[in-house]
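Morning, everyone. One structure today, and I'll keep it short. Please have a look at the sequence and the fold first.

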Amino acid sequence: MDFIELVKKRYSVRAYKSVPVEKEKLLKVLEAARLAPSASNRQPFQIIVTKTRRKKAKLLSIYPRDWFVQAPLVICICGVKDNAWVRKDNREYLDVDVAIVMDYITLAATDLGLGTCIIAAFDVVNARKILSIPDEVEPILFTPLGYPEDLPGIKKRKKMEELVRYEHW
Ligand SMILES: Cc1cc2nc3c(=O)[nH]c(=O)nc-3n(C[C@H](O)[C@H](O)[C@H](O)COP(=O)(O)O)c2cc1C
């Protein structure tokens, strides 16, 4: 798919079919994540993939929306602070690295006809408990991974002029 078409096609999917995601497709999505760039190539992330089947109640305590557990898979991207690059003014880039990984996942999934929805508003304590995430690893973003059941809405975005400034052009 043309890249800009892919970008336009991706949307936050908030209803999923219960049909399984093929192993090959999951591996392609994870390979995209593995190949994501990171600051100083530290790759300070871990990816947890979990099946929702038979774990719906537990997973709902992480993010209490029915659609979160409709998809067959849920992915959590964690940051490993001790491995992350920090600029000399102490600016930390862990969140940026994790965001890029998630972005690669969402776009690769879209390319394969799959849906995702990036989730930050989850319960960290429950996520740690249910997914056995140790203290030195920080769960930062979740997404379900499955086939969309809903349709994209209209993309609401700021105008180009509000977002871009050409300086010394
Ligand atoms: C860092 C980040 C955190 C987000 N957290 C949530 C969330 O907790 N719950 C949710 O439903 N959507 C969440 N979203 C999805 C955004 O609401 C969505 O991307 C935005 O409204 C644009 O819509 P679109 O993805 O359909 O283009 C998050 C997106 C990002 C990038």
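Start with Val69. You'll find Val69 in the loop that runs between helix 3 (56–60) and strand 2 (73–80). Keep in mind that this is a predicted model. Is Val69 buried or exposed? Buried, because its relative accessibility is 5% and the cut-off for buried is under 20%. What does Val69 contact, beyond neighbours within four places in sequence? Thr52, Lys56, Leu59 and Leu60. Now take Gly146. Gly146 and Val69 sit 77 residues apart in sequence, yet their C-alpha atoms are 9.9 Å apart.

Next, the cores. The largest nonpolar core has 24 residues. Val29, Ile77, Val101, Ile105, Leu114 and Leu145 touch the most other members. At least two residues each come from helix 2 (23–34), strand 2, helix 4 (94–111) and strand 3 (137–145). Helix 4 is the top contributor, with seven. A separate core holds 22 residues, including Val13, Ile62, Cys78 and Phe122. Back to Ile77. Setting aside residues up to four places away in sequence, its contacts include Phe45, Val98, Val101, Ile105 and Leu141.

Last, the ligand. It is surrounded by 13 residues, and the closest are Ser12, Tyr63, Ile118, Lys155 and Arg157. The shell splits into eight nonpolar, one polar and four charged. Ser12 places a polar side-chain atom 2.6 Å from a ligand oxygen. The side chain of Tyr63 has an N or O atom 2.9 Å from a ligand nitrogen. For Lys155, a side-chain N or O atom is 3.0 Å from a ligand oxygen. Alone, the ligand exposes 610 Å², and the protein buries 59% of that.

Methods:
Residues numbered from 1 in each chain as written. Predicted model: local features only at pLDDT ≥ 70, side-chain atom pairs only at ≥ 80, totals over all residues. Heavy atoms only, no water. Helix = DSSP H or I, 4+ residues; strand = E, 2+ residues; numbered from the N terminus. Buried < 20%, exposed > 50% of the residue type's maximum accessible area, 1.4 Å probe, protein only. Contact = heavy atoms within 4.5 Å. Core = buried A, V, L, I, M, F, W, Y, C linked by side-chain atoms within 4.5 Å. Near = heavy atom within 4 Å. Polar contact = N/O pair within 3.5 Å; in protein donor to acceptor, adjacent residues only side chain to side chain. Areas by Shrake-Rupley, 256 points an atom, 1.4 Å probe, with all protein chains shown as cover. Nonpolar A, V, L, I, M, F, W, Y, C, P; charged D, E, K, R; others polar.
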